[in-house]
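User: I would like a close look at one part of this protein, with the criteria stated alongside the values.

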Amino acid sequence: MVRRRQGANPAEKQILTTPVGLAFPRDVTFESWEQAGRRISRIASSSAWYLGDWLVFGQDKYTDRYRRAVEAVGLDYQTLRNYAWIARKFEPSRRRPGLPFQHHAEVAALSPAEQDRWLDRAERESWSRTTLRRALREHRDPNSRSYRAVLPRVSAASEALDRWRRAAAAANADFEAWVVSALDRAAEQDLELMGVPSLEGVERQAREAAGHGAPAGGENQGLMGMSAVRSA
């Protein structure tokens, strides 16, 4: 059990928290040590949600002042932005108390339905974050066209690459997955600014057209292929 150092009786021989770490009694049991790890893990996961929600609220309510608050409290803005992006992807009612924040981060780039499907499975089968990540990778068929056409080789300054890696680490995300998510977010923002309809909207229009006498092949088959690329 973890207790704060506030006049605690040393005879209790409990793990104590300090501003710079934990203080362990010499004869701490394995069970107490393990329980402390579980509690710390829950606190860390909840803290990510707290920080994400905090920034989302500030961005929405104090659009011209929230950056000053972030700087005043000494928090890393890029880390908070990553947390906020995930918090926006999951309203509180869709967050799983039984799964850490990191599990939600792994599926944040997916559609809400796919997010729920993977989180349901992770919760049902007690998957670790690593297991969930592996399952997501296996779901992307390496023999499919969409998987092989990942990204062209790009050149980037070492400073930028280091910044990306630090951002991915701060978001508790796999680096490659973070890069793909970042590109997807940027694409969505640019498409929205330019008034380009989303892929989901195009597919919906195609389905509606198909219900009014559109041919069964041709364009509809092409849209099915586009859907496969997005979900892969």
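At what angle do helix α1 and helix α2 pack, and how far apart are their axes?

Analyst: This is a predicted model, in which local features need pLDDT of at least 70, side-chain atom pairs count only at pLDDT 80 or more, and totals for chains, interfaces and linings use all residues. Residues are numbered from 1 along each chain as its sequence is written, and side-chain values use heavy atoms, with hydrogens and water left out.

Two packed helices are described by the angle between their axes and the distance between the axes. Helix α1 (residues 30-61) and helix α2 (residues 66-73) pack at about 145°, and their axes are 9 Å apart. Helices are DSSP runs of H or I with at least four residues, strands are runs of E with at least two, and both are numbered from the N terminus. The axes are lines fitted to C-alpha atoms, for helices over the stretch in contact, and angles run from 0 to 180 degrees between N-to-C directions.

On the α1 side, the contact (heavy atoms within 4.5 Å) is made by W54, L55, G58 and Q59, and on the α2 side by Y66, A69, V70 and V73. By class, this contact has six nonpolar, two polar and no charged residues. Here Ala, Val, Leu, Ile, Met, Phe, Trp, Tyr, Cys and Pro count as nonpolar, Asp, Glu, Lys and Arg as charged, and the others, Gly among them, as polar.

Helix α1 also takes part in a nonpolar surface patch, to which α1 gives the most, with three residues. The patch is formed by L22, F24, F30, W33 and I40, with about 500 Å² of accessible area together. Patches are made of residues with over 30% relative accessible area and no salt bridge, where like charges are joined within 9 Å and nonpolar side chains (Val, Leu, Ile, Met, Phe, Trp, Tyr) within 5 Å. A salt bridge, in turn, is a side-chain nitrogen of Lys or Arg within 4 Å of a carboxyl oxygen of Asp or Glu. Accessible areas come from the Shrake-Rupley method with a 1.4 Å probe, and for residues only the protein chains shown count as cover.

F24 counts as partly exposed because its relative accessibility is 45%; buried means under 20% relative accessible area, exposed over 50%, and partly exposed in between (1.4 Å probe, protein chains only).

Elsewhere, R129 forms a salt bridge with E106, with the closest N and O atoms 2.9 Å apart. The pair links distant parts of the chain, 23 residues apart, with R129 in helix α6 (residues 129-139) and E106 in helix α4 (residues 101-107). R129 is partly exposed at 21% relative accessible area, whereas E106 is buried at 13%.
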